[in-house]
Amino acid sequence: MKVVLAESVAMMAIGDGVLGVVFPVQHSTRWEFGPEPWRKCMRMWAEHPGLTRAVSALQIAAGLVLASRLRAAPPRK
């Protein structure tokens, strides 16, 4: 189960990272809701698309590293 959970985290990180690289402003502004500190943070990412792309690329790399370190399949019972 831990492998499946870790792979799910990796997939979400990779997918979120791809959206951040390709659509940095749109992806950030789609999450601009809720409490003001959160909205302010999302605005900051939208106002700095180059930074958003760089952090998103790192997120993709981290997701790939995580996925590459997982064993091939969960142990059978």
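**Notes on the helices of this predicted model**

1. Let's start with Thr 52: at 6% relative accessibility, Thr 52 counts as buried (buried is under 20% relative accessible area, exposed is over 50%, and partly exposed is in between, with a 1.4 Å probe and protein chains only). Thr 52 sits in helix H4 (helices are DSSP runs of H or I with at least four residues, strands are runs of E with at least two, and both are numbered from the N terminus). If you skip its neighbours within four places in sequence, Thr 52 is in contact with Gly 20, Pro 24, Ser 28 and Trp 45 (contact being heavy atoms within 4.5 Å).

2. A word on ground rules. The model is predicted, so local features need pLDDT of at least 70 and side-chain atom pairs count only at pLDDT 80 or more, while totals for chains, interfaces and linings use all residues. Residues are numbered from 1 along each chain as its sequence is written, and side-chain values use heavy atoms, with hydrogens and water left out.

3. Now H4 as a whole.

4. How do H3 and H4 meet? Their axes come within 5 Å and cross at roughly 100° (axes are lines fitted to C-alpha atoms, for helices over the stretch in contact, and angles run from 0 to 180 degrees between N-to-C directions). That makes H3 roughly perpendicular to H4 (65 to 115 degrees; under 35 is roughly parallel, over 145 roughly antiparallel, and the rest oblique). From H3, Met 44, Trp 45, Ala 46 and Glu 47 meet Pro 49, Leu 51, Thr 52 and Val 55 of H4. By class, this contact has six nonpolar, one polar and one charged residues (Ala, Val, Leu, Ile, Met, Phe, Trp, Tyr, Cys and Pro count as nonpolar, Asp, Glu, Lys and Arg as charged, and the others, Gly among them, as polar).

5. On to H1, which has 21 residues and reaches 30 Å from first C-alpha to last, close to the 30 Å expected. Buried in H1 are Val 3, Ala 6, Ala 10, Ala 13, Gly 17 and Gly 20. Down the axis of H1 they fall within an arc of 125°, so they too line one face of their helix. Leu 5, Met 11 and Met 12 are exposed on the face turned away from that buried side. H2 and H4 are among what covers the buried residues of H1.

6. In H2, have a look at His 27. His 27 is buried, with a relative accessible area of 12%. Again leaving aside neighbours within four places in sequence, His 27 is in contact with Asp 16, Leu 19 and Gly 20.

7. Finally, Ser 8 in H1 counts as partly exposed, at 27% relative accessibility. The C-alpha atoms of Ser 8 and Ile 60 are separated by 13 Å, with the two residues 52 apart along the chain.

Technical notes: The expected span of a helix is 1.5 Å times one less than its number of residues. The arc is that of the directions from the helix axis to the C-beta atoms.
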